[in-house]
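Let's take a friendly walk through one model, looking at salt bridges and then at a helix. Here it is.

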Amino acid sequence: MSQKEIERLFSGLDTSVQLLQKELGVSYLEGLSETGENLLNNRKASQENGVPSVETIKTLNELYEELPLNDMEAEEIRKSFQLALLKGSKNDQIQANHQMTPDAIGFILAYLIEKLFDSDVKKIRLLDPAVGTGNLLSTVYNRLSLRNIEIEAEGIDNDDLLLSLALINTELQGQGVKLTHQDALTDLLMDPVDLIVSDLPVGFYPVDENAKRFKTSALEGHSYAHHLFIEQSMYYLKNNGYGAFLVPTQLFESTESAALTKTIQAEAYLQGMLHLPKELFKSEQSRKSILLVQKKGENAKQAKQVLLAQIPDFKNQTSMHYFMQEVENWKQENIKK
């Protein structure tokens, strides 16, 4: 992987975004969306009502032509776009639920998912019901593609700007992802999938009438969105399929957790709960873990030993090696057919 090319593409994206910000008076992420759409439009900047100026259009088009997209692999493009997303998130001060899943977390999640599927799997239908900018979905997509697995992926989000960025992110990488602008807690027009992966939005879901449809809804007041997302995911997984979610570490410690536990037990097997390193989070309250569940089916069974682990600091190579061996041993004893 060429760090030079990654930085070159990011630099080009960043320069073009700043030009558009100055001309259009938009936020960084809005400028990134605009420049991304220009790139998908044969690298031609668009103009509306004389804006941007003819001079800026010329500068942008020359800049776009110099971008090394044709010489880069999908993962390199994802990393470049990620750098732009990180800068945009910081500049625009976007809310926590809209921030991108960090690469370190994405990679460990992709590694765990890879371990869940047998080596002879040739095709996987994948869904992220809270896809955001698409960085986590792209990370998993690229990781599974390295095993020559055919990926049929879908992403859902109710934020049109984030979905626009996800479209650009995946299209520039040449990934075949279907994206839908929708509240993922309403009825979804889609067939069940083999895998659902998501960095779930944490907090309260505001549409109480819709929440009442779910077994995990609160008896009074707003319901937890992340509880509802987990339940919804159970209904759109194929039998034997897997769900891999980033959730609050205290997921099963809230007063509402009894209904969530009961729902998971009715629909699936809880196969793992892995706590991410505390160094990744600003506070104990913001810590997250990885929840692994498997939809019940003729080829699914409860693991003899649920994978409960504290993931070590990613910088500690010795501890990470030991952790990965622990996961491999767990797979051999509990998952491997």
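The side chains of Arg78 and Asp103 form a salt bridge with an N to O distance of 2.8 Å; the term covers a side-chain nitrogen of Lys or Arg within 4 Å of a carboxyl oxygen of Asp or Glu. This pair connects distant parts of the chain, 25 residues apart, with Arg78 in helix H4 (residues 74-92) and Asp103 in helix H5 (residues 103-116). Helices here are DSSP runs of H or I with at least four residues, numbered from the N terminus. Both Arg78 and Asp103 are buried, where buried means under 20% relative accessible area and exposed over 50%, with partly exposed in between (1.4 Å probe, protein chains only).

This is a predicted model: local features need pLDDT of at least 70 and side-chain atom pairs pLDDT 80 or more, while totals for chains, interfaces and linings use all residues. Residues are numbered from 1 along each chain as its sequence is written, and side-chain values use heavy atoms, leaving out hydrogens and water.

The whole structure holds 16 salt bridges, including these:

| Pair | N to O distance |
|---|---|
| Arg78 and Asp103 | 2.8 Å |
| Lys79 and Asp103 | 3.2 Å |
| Lys115 and Glu328 | 2.7 Å |

Lys115 in helix H5 and Glu328 in helix H11 (residues 317-334) are 213 residues apart. Through shared partners, salt bridges join Glu75, Arg78, Lys79 and Asp103 into one network.

Now for helix H3. Its buried residues are Thr56, Ile57, Leu60, Asn61, Leu63 and Tyr64. On the other side of H3, Val54, Glu55, Lys58 and Glu66 are exposed.

Methods:
Helices (H or I, at least four residues) and strands (E, at least two) are DSSP runs, numbered from the N terminus.
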